[in-house]
Amino acid sequence: MTTPGRHNPRFTGYDVLARAGTWDAATSGVVLSRTAVQPGLRFFTLAEEATARPLFDHLLAQWDEPRVPVLQMVDARLAEMQTDGWRFADMPEDDEAWRRSLAGLDDDARALHGAPFGGLARERQAALVRAVRDTGSARWHGMPAGHVWGLWTRYTATAFYSHPWAWNEIGFGGPAYPRGYVRLGLGLREPWEVADQHPVDPVTDSGQAVGSRSAGAERVGTAGHRAAPPRGLAAAARAAAGTLRLTTAPTGRIRDRNASAWLLPRDDRRFDRSLIDGMRRHEDDDEVDLVVIGCGAGGATLTQRMARHGWSVVCLEAGPFWNPDTDWVSDEAGSHHLYWTEPRVVSGTDPVPLGANNSGRGVGGSTTHFAGYAPRFHPSDFATLSGDGVGADWPLRYADLRASYERLEQELPVAGQYWPWGDPHPYPHAPHPVGGNGEVFLRGAAALGIGARVGPVAITNGRFGNRPHCVYRGFCLQGCKVNAKASTLITHVPDALAHGAEIRADCMVTGIELDAQGRLATGVRYLREGRERFQRARAVAVAGYSVETPRLLLNSACRRFPEGLCNDFDLVGRYVMVQGAPQTSGRFAEEVRAYKAPPPEVSSEDFYETDPAKPYKRGFSLQTVSPLPVVWAEHVAAQGHWGEDLRTYMRDYVHWATLGALCELLPLPDNRVTLSQEKDRYGLPVAHFSYSQCDNDRMLIRAAQTVMEDVLRAAGATEVITINRYAHLVGGCRMAAGPGSGVVDADLRTFAVPNLLVTDGSVLPTQGSANPALTIMALVDRAAARLAAGARSGLRAPAGAPR
Amino acid sequence: MSLLARRRGRAARPAAPAPYVLDRMVRNVRHGRFERTLSLLTAAGSLVTAAEIYLEHDRASFGNRVMWWPVLLGPVGAAAGVAGFASERMAKTALPVASAAIAANGLQGTYLHVRGIAQKPGGWSMARCNIELGPPLFAPLLVTMVGGMGLLAALLRRER
């Protein structure tokens, strides 16, 4: 029952550690080590410690014992360089930024009061800390103060709210595997959860009745909103018939083209290691039919498809071959290793932080920790230039992808209500039961007449092959330990291995080699166990996602392509897009407990298309997102709260519901990936990603925020807060009708090198307001069929051609 | 038994010992003459059960297509029950066959549900959680009960 400082807890008697017996071994190890005696400091010097200790106490209002050992936890992260990898162009690396900012704070103290920071009275310390926050975007000791503030709050809040004592204080359920949750919905608690003893909003002091619209709620953003999806008997009959068709079709047909779900173990293990042990292994000198770089959504799908077509395929993956049982944990702070954490630099007027929601590492790529939303793009997405005069037209149409969409929705499989938006279609699995967060969204949307549906999520709702039903544990974004949420690790890799593909993990590709004339690719250079090797191949497919794919092409410059491979027209790395993803949270008198049930639950595409009445083009979609404590702390800190304010908001965690928007931001040529001066540990230049919004982008994001605030207020929220952020990455090697406007054609083949393909999200010319994973996989599914249909010998490197 | 009592219909002249329908029914039950009523009950039970199973299995996406079997057996049981109500021959042939299939399907379902619970994360070591959240443990046995009703109907004597 320990809470930080033993302060009068709102959840009297609640002890998350009492449930530790129900946690899996890997998670217990990670979480319980935080309550154990902490090792001595390894990163901070004595002088830095003297400044850091009181600074952390101020940031988290930790004044009494027992304290969460934030200093030791931050120190361990920095000593082991467990950072997110990326940095702002105007900031040094995280470790150096910490040293300089602590020294800067100490200098301020000496300059103003003639004494070190650690020796000042608490009020004077607080004033100095507040001064840094209030400096805003201006520079402070050579760094933008806002970024320093972000660094401080990010590290300290992550450490604090990853500690079980803090969970006791906020009523969070903690790790939930293999147990999961049984009682989902507003105001419902597991038998062992404790009710909030003081459910009054500590900020507004409001105890308003729930269900009624809160005072002053006006329909600002939703006034006169666009056409609702079709209703009526005919539409209902179509929906029922379509769903019936999917649920009665024999699963054997899916198994015949992708048996992955049947190749997983039926017992408590999550991956059959004998598939890896028995994997076909190629020599470097074997000229394989295809080498795929990267094993994420695109790479794994291509590997599986081509292995099925009888090609010899080697897939090189920079990260490890995950074992979900031992490598993944039901814990936020313990899941950093799922992200790409190699160094990168971000800049521009709206720089995009990288990591959690736009990168991946290891077999399965970012699908291992994506939320699981799997919507299709709308037909209008494929021609935004001719339709709306913005963005770009795709070299293919929606109809070209429909069959691929259907195939993949069955293979993942996707669960959800009949989808009325875009091209209406049914889903093979039924919609999941909805938790508190989803109930809030449905209630608010109904009150405003906005269409909202449950789904579409790539999470099994019922048996699929040997994959079990979801247990609603809420840790989708930390890797699904249940095998219920789809990731290519379980949806395509097992079948690929069973059909003779080799997936070579821990191999970082450093370059693509062409023949002497620079006409055809001959293979790839890669690093394995510190040694450089070369894998010969007849065809090469790059699937490293929107930052690493352009970086690899640019790093593979040669005599024929001095500005980077396939970069004759200066298009590689350009038109990189992110989705504007503001998240708005609302405070409710009832307990929402958003951590129960998967974060992806309910979504709406009512605002997806261009509304002629609005000053902006294109639109956005709305989805539930359910931040766990560490991310929720980021939401609160983003409002400028710190110290006691932060703790007060956080103690209110179970009362907040959160919605997220995905806004279609337009492709702009100057939003691009280039090579930085900085080198990584392999000696290769790292990627520099510059991003700035245009006016249309800003209007869209503001509109989405207004709509989300309306929905939450209509559902009865007494207070709303919004954090501006980004999600997903696409573009960088876009597909186009000709070499002058894009890097690859509709078959994902590069214009410049006929046997080189790009098979990931970087080929998308626009990004819609849909999560991109399903579309990436659908494009690859189509490209794989086209590749297999072409004569394999057509791609063969000329016999005896020198490397 | 009086031959008169064998006559059907509401207009039947009241037999001396049983002037009321209720009396006749009681007498029929006492003498094991319950075939037609139980056939009809089996028919109704099959339909209701199948409808409920359809909703529950649809919620679980018919992930295993075997989950369609009890739904399809519902109308079969209903048809056999009605046939058994209408014709004695059917009550001795179609009804027991259909009922046996339904009862067996219930046992098969029990096995599959037990297996489903065992294959949930944690399996039987978290029995309470997995039984409550997993496939309903005892529901398929209710199907077996409906099949049992049909079998029993086939064994009974026909009403007079």
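Figure 1. Helices here are DSSP runs of H or I with at least four residues, strands are runs of E with at least two, and both are numbered from the N terminus. Look at the peptide bond from A:E65 to A:P66: this bond is cis, with omega near -5°. The loop between helix 2 and helix 3 of chain A also holds A:A61. Although A:A61 is not a glycine, its phi is positive, about 50°. Is A:A61 buried, exposed or partly exposed? A:A61 is partly exposed, with 18 other C-beta atoms within 10 Å. (A residue is buried with 20 or more other C-beta atoms within 10 Å of its own, exposed with 12 or fewer, and partly exposed in between; C-beta atoms are placed from the backbone.)

**Figure 2. A cis bond at A:P178.** Here the bond to find joins A:Y177 and A:P178, and this peptide bond is cis, with omega about 5°. A:P178 belongs to the loop between helix 7 (164-170) and helix 8 (233-248) of chain A.

**Figure 3. A positive phi at A:D506.** A:D506 is not a glycine, yet its phi is positive at about 55°. You will find A:D506 in the loop between strand 8 (502-504) and strand 9 (507-514) of chain A. A:D506 counts as partly exposed, with 14 C-beta neighbours inside 10 Å.

Figure 4. Chain A is divided into domain 1 (35-161) and domain 2 (247-795), with bounds from an automatic or database domain assignment. Over C-alpha atoms, the centres of domain 1 and domain 2 of chain A are 34 Å apart. Domain 1 of chain A brings 17 residues to the contact and domain 2 of chain A brings 26 residues; two residues are in contact if their C-beta atoms, placed from the backbone, lie within 7 Å. On the side of domain 1, the elements giving two or more residues are helix 2 (46-60), strand 1 (86-88) and helix 6 (145-160) of chain A. Helix 6 of chain A gives the most to this side, with four residues. By class, the side of domain 1 has seven nonpolar, six polar and four charged residues. (Ala, Val, Leu, Ile, Met, Phe, Trp, Tyr, Cys and Pro count as nonpolar, Asp, Glu, Lys and Arg as charged, and the others, Gly among them, as polar.)

**Figure 5. Chain B against chain A.** The contact takes 19 residues from chain B and 24 residues from chain A. Which elements give two or more residues to the side of chain B? They are helix 2 (35-59) and helix 6 of chain B. Helix 6 of chain B has the largest share, three residues. The residues on the side of chain B divide into seven nonpolar, seven polar and five charged.

**Figure 6. Confidence along chain B.** The average pLDDT of chain B is 89, and 89% of its residues score at least 70; pLDDT is the predictor's confidence in each residue, from 0 to 100. Among the elements of chain B, helix 3 (residues 69-86) has the highest mean pLDDT (97) and helix 6 (residues 127-133) the lowest (85). Over residues 1-5 of chain B, pLDDT stays under 50, and the model has eight contacts beyond four places in sequence for them. The model scores ipTM 0.81 and pTM 0.92.

**Reading notes.** Residues are numbered from 1 along each chain as its sequence is written, while chains are lettered from A and ligands numbered from 1 in the order in which they are written. For this predicted model, local features need pLDDT of at least 70 and side-chain atom pairs count only at pLDDT 80 or more, whereas totals for chains, interfaces and linings use all residues.
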